[in-house]
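Subject: Structure handover

Hello,

Here is the structure I said I would pass on. Please look it over first, then read the notes below it.

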Amino acid sequence: MKYKAPRGTHDIFGAQAEKINKLEQTSRQVFRKYNYGEIRLPTFEAAELFSRSIGETTDIVEKEMYVFSDRKGRQLALRPEGTASVVRAYLENKLEQNLPLAKLYYIGSMFRYERPQAGRYREFFQIGAEYFNNPSPAADAEILLLTKDILETYGLKDLSIHVNTLGCLKCRPKYKDEIKKYLKNEKDLCEDCKRRIDKNPLRVLDCKKDSQKINNLPKIQEYLCDDCNNHFNDVQDLLKQADCSYIIDHNLVRGLDYYTKTVFEVRSAGLGAQDALAAGGRYDNLIKHLGGNDTPAVGFALGSERVMLAADNLKLSEKTIKNKIILVAVVNKDLSKNAFNLVAKLRKNLDEGSSLAVEGPFSEKSLKSQLRLADRLNAAKVVIFGEEEYARGNVILRDMSSQSQQEVNIAEIEKLIFKS
Ligand code: HAM
């Protein structure tokens, strides 16, 4: 083979394509319940939009962005995430004035130059939402419950929801200074952490290698201002009221710099190192930082491939997302046009949202191999056009599970198939 998909990318087809479609469909339904509208965004943006939003010293901006210049020398980047783009769109399209409520969702692929492994790709799909201009803890709780709702409606169970607060520009700097002091006295930190002490000390908190030492560091909760403290308590009260269990995780800091106050991650046991299915939080400074008014915001994104992996681990039945197939077969080629006509008619008359699919005819194949195909497709029924039956105005309707068949009038076929 001469050509291969680039490292870290993958083709999605067959059962996996069914699964990702089902996940996207489920998400759209849940988004509708929560009153989020779709936004479609460009796949590339000015590179600076991401470096300013996500943070110059984050892994994403330092090492993972696909940056290129176009023919006019503009520095562009394939989007590594959706939040910065939605904020750009919110400002550019004046959505603050133009929408009564700015609650937006997006579905699309993101690009990060990471080391590929199970659940980690260089092009991957996210489903995310952003809720603008609501400073209330209720908006944080809504986003969290929305994330959980999507994952549970898709069929996942046993999720663990980790929450933390990162404070705000008033209280966080004090905490940062404090842990910097502690970290400077720690001798055996890993190379990454040593590098981060000055640039981005909070990131040290989620280092897997140094987790023992990190557990002894002061916790941000002790440094929060009243506003941040009350906000975090209120978010927790709302989650408890909604019967949503969660774990307070003092070391959850996230790899993007724009967060303030609430951050969260939804994990699934059994996914190994890449166990974060979804993540998000509040980012009250980003919109102003990108040139807008002071506008609070909160959002989340889930990784579709990881959600599908978690579903595989649970062995969610694939049958539930498969269409029931009706295969129309012909005994000899002379009837293929008539058979094709029936296929077209059946497809046209299927109800919207029907779970039936109509397939065939494969007039170049023998009847035997058409029936073998029906078997492999797990077809429910086969309609067979045979010469003698057709002369009588009939076809054969074969039930694949009972292997029984009957001769029926062609005018009746639609009724018989649709009612089954
Ligand atoms: P994030 O944590 O960088 O947050 O990504 C969200 C989710 O995308 C992760 O939990 C994971 O499931 C998936 N993901 C990330 N990187 C990869 C990868 N290389 N391969 C496969 N899946 C991956 C954000 O992107 C924020 N924009 C979320 C947000 C929205 N915060 C506020 N609003």
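A helix here is a DSSP run of H or I with at least four residues, and helices are numbered from the N terminus. Keep in mind that this is a predicted model.

**Helix α12**

With that definition, helix α12 covers residues 304-313. Just after α12 comes K315, which takes a positive phi of about 50°. How many of the 10 residues of α12 are buried? Seven are, so the helix is mostly covered, where buried means under 20% relative accessible area. The buried residues are S304, E305, R306, V307, M308, A310 and A311. Several elements cover them, among them the helices α1 (14-33) and α6 (137-154). Strands take part as well, including β6 (123-132), β9 (260-268), β10 (276-282) and β11 (297-303).

**Salt bridges**

Side chains of opposite charge can pair when their charged atoms come close. The structure holds 28 salt bridges. Three of these pairs are described here.

- D70 pairs with R74, with 2.7 Å between the closest N and O atoms. D70 counts as partly exposed because its relative accessible area is 23%. R74 is also partly exposed, at 47% relative accessibility.
- D198 pairs with K184, and their closest N and O atoms are 3.0 Å apart. This pair links distant parts of the chain: D198 belongs to helix α8 (residues 191-199) and K184 to helix α7 (residues 172-185), 14 residues apart. At 48%, D198 is partly exposed, while K184, at 52%, counts as exposed.
- K261 pairs with D227, the closest N and O atoms being 3.2 Å apart. Here too distant parts of the chain are linked, as K261 is in strand β9 and D227 in helix α10 (residues 226-241), 34 residues apart. Is K261 buried or exposed? K261 has 9% relative accessibility, so this residue counts as buried.

**A positive patch**

Which residues form the positive surface patch? They are K365, K368, R372 and R376. K368 lies in helix α14, which spans residues 367-376. Because its relative accessibility is 62%, K368 counts as exposed.

Regards

Terms used: Residues numbered from 1 in each chain as written. Predicted model: local features only at pLDDT ≥ 70, side-chain atom pairs only at ≥ 80, totals over all residues. Heavy atoms only, no water. Patch = residues over 30% accessible without salt bridge, like charges linked within 9 Å, V, L, I, M, F, W, Y side chains within 5 Å. Areas by Shrake-Rupley, 256 points an atom, 1.4 Å probe, with all protein chains shown as cover. Salt bridge = Lys/Arg side-chain N within 4 Å of Asp/Glu carboxyl O. Lys, Arg positive; Asp, Glu negative; His and termini not counted. Charge placed at Lys NZ, Arg CZ, Asp CG, Glu CD. Helix = DSSP H or I, 4+ residues; strand = E, 2+ residues; numbered from the N terminus. Buried < 20%, exposed > 50% of the residue type's maximum accessible area, 1.4 Å probe, protein only. Contact = heavy atoms within 4.5 Å.
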